[in-house]
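Please look through the structure shown here with the text beside it.

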Amino acid sequence: MVNTEAYVILSMVLFTLGSMGVLLRRNAILVFMSVELMLNAANLALVAFAKQWGEVDGHIFVFFVITVAASEVAVGLALIVAIFRTKKSINIDELHLMEG
Amino acid sequence: MSIEVALFVIVGGVSVAAAAMMLLTENAVHSALFLILNFICVAFLYLMLDAPFLAMVQIAVYAGAIMVLFLFVIMLLGAEKVGQSAREFKWLAPVTLALALSFVFATFFAFSAGDIDSNDPVASGDPLLRVVHAASGFPEAVDVYGNGELLVSGLELGGGSDYVAVPAGDYAVSVAVAGDDPALALPLGDITLQPDSAQTAVAYGAGRLPSIALVNEDLSDTPDRSGRVIVFNAYSGAPALNIVDPGNDFLIEADEEVPVIYEALAQGTASAPELYRQRTVNWAVVPSDNPDNIVYRLRDYPITPGETQLLVIGEEPGGVGEGLRPMNIALVSQTLASFGSPSAIGASLFVKYVLPFEIVAVLLLAAMVGVIVLTQRGDVKPKPGRPTRRKVSRPLTSVIASQTGHDVHDLPELPRLKEPESAEPVGD
């Protein structure tokens, strides 16, 4: 029997790695993949707590998070394709679309 | 170290290593493959957390659909490697590292101080109680009171109420003829209800003052193709009953050996819950002290998967002693789906969370429309009204000649088609 705490700590480590990826990587697609990693870490904590409390509601919430992540990926990748078409690059540092 | 802890350490370590490698590799395709490995590890952890359905969804949707979309876009854009550019925010990397370390430190501190695992979930569910009226000495329909509060009203002899949720605790149960003054209720006895349980109170006895007994129900999921049966003996004509399986025989010979299903079930006691394969049985009820004398036949009694049955052997009112006419009361309740199974998730999703489900469906639809709008190219507009035709740059003969391999220079000059002035190439 593994403690819930172990799962939550693992989830926290994965979340931290994901947030570092969002901040440090320059490839926009990598940034998106890091966001997916963060969502997954949160899902893992939700499932661990659902097991601890014996309530299936946590699983339902994970289900919704997966759905939202799928739609977010579809829209995000469409945005990246659209940006690549105009800027010919997906390097985050070269995208200054909002610059005055 | 148990095997579960060992598996957790291995799978968790692989998932963290895969996440780190995803951050460190330069090639975006390798990053995507490491992320798939991470997702598969997390799916394995879901399996260890009793969430088999989510594990399958994780592999199919995340590791399957979403990551294929990522790989597709990476290869479509040729974005495996992003060209090195002079970093404008040179302070970002050290600040990120400091933030991450402080986040890890703060959460570790919170975990060690909060002690998640000591917060054991309290048994919070109210117990479920139902009442069965099998007291032949009290043939009227009854109202049942617990501590003076009405629990069940109008319960006929031979009937069982639905489950009612009541607070846990001790109850002094009393019954009165239905519609009668509660002050005239006969006290039956005390019962104690534990939290998070399902119990059946059976009133039985041939005398004018019935007795009451509490049966612990087991509503948990049954294995495939089997049902659960609990037998309660409320029969007054014998001190104890056996239930035997004589097959289709009508009589049991004096020296015949028949399989005994339940042995020496005293009046007012219930058997332990037993699982049986799905079938119809022809059991017989015999007194323990006279096992050749069938007092009651359970003919074509069905055992259905996914159900818990409480089978009460009682007697019809009126007779005394030899004249007792036995009867059975079968109370069937559906078992609850086990934790984390697709049916449990579906039941919660479509009962408790219908509105969020619909909202998420609308969100998906909006995302689909948004993707179509985003990826549509705004600069392609077919010009209306102008006939478009492909510009032919070479005469037809030279095309044929180049495909058949003949030399066209020997042929006489052919008149060329006059091309329209305004013809434009169509398409990209």
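**A walk through chains A and B**

Of the 100 residues in chain A, 57% count as buried, where buried means under 20% relative accessible area, exposed means over 50%, and partly exposed lies in between (1.4 Å probe, protein chains only). This is a predicted model, in which local features need pLDDT of at least 70 and side-chain atom pairs count only at pLDDT 80 or more, while totals for chains, interfaces and linings use all residues. Residues are numbered from 1 along each chain as its sequence is written, chains are lettered from A and ligands numbered from 1 in the order in which they are written, and side-chain values use heavy atoms, with hydrogens and water left out.

Chain A has three helices and zero strands, its elements running α-α-α from the N terminus on; helices (H or I, at least four residues) and strands (E, at least two) are DSSP runs, numbered from the N terminus.

In chain B, four strands form an open sheet in the order 4-1-7-8, with mixed pairing. Strand 4 (164–165) and strand 8 (211–217) of chain B stand at its edges with a single partner strand each, so one side of each has no neighbour in the sheet. Two strands pair if DSSP finds at least two bridges between them; strand 1 (residues 128–134) and strand 7 (residues 198–204) of chain B are joined in the parallel sense over seven bridges, and B:Arg130 has B:Thr200 in strand 7 as its bridge partner.

Most residues other than glycine have a negative phi. B:Ala264, although not a glycine, has a positive phi of about 50 degrees; this residue is in strand 11 of chain B and counts as partly exposed because its relative accessibility is 49%. B:Asp300, also not a glycine, likewise has a positive phi of about 50 degrees and is placed in strand 14 (residues 296–303) of chain B.

Patches are made of residues with over 30% relative accessible area and no salt bridge, like charges being joined within 9 Å and nonpolar side chains (Val, Leu, Ile, Met, Phe, Trp, Tyr) within 5 Å. B:Phe89 lies in the loop between helix 3 (52–77) and helix 4 (92–114) of chain B, and its 38% relative accessibility is why it counts as partly exposed.

A negative surface patch is formed by B:Asp249, B:Glu253, B:Asp255, B:Glu257 and B:Asp292. B:Glu253 lies in the loop between strand 10 (240–244) and strand 11 (260–266) of chain B.

Note on methods:
Accessible areas come from the Shrake-Rupley method with a 1.4 Å probe; for residues, only the protein chains shown count as cover. A salt bridge is a side-chain nitrogen of Lys or Arg within 4 Å of a carboxyl oxygen of Asp or Glu. Lys and Arg count as positive and Asp and Glu as negative; His and the chain ends are not counted. The place of a charge is taken as NZ of Lys, CZ of Arg, CG of Asp or CD of Glu.
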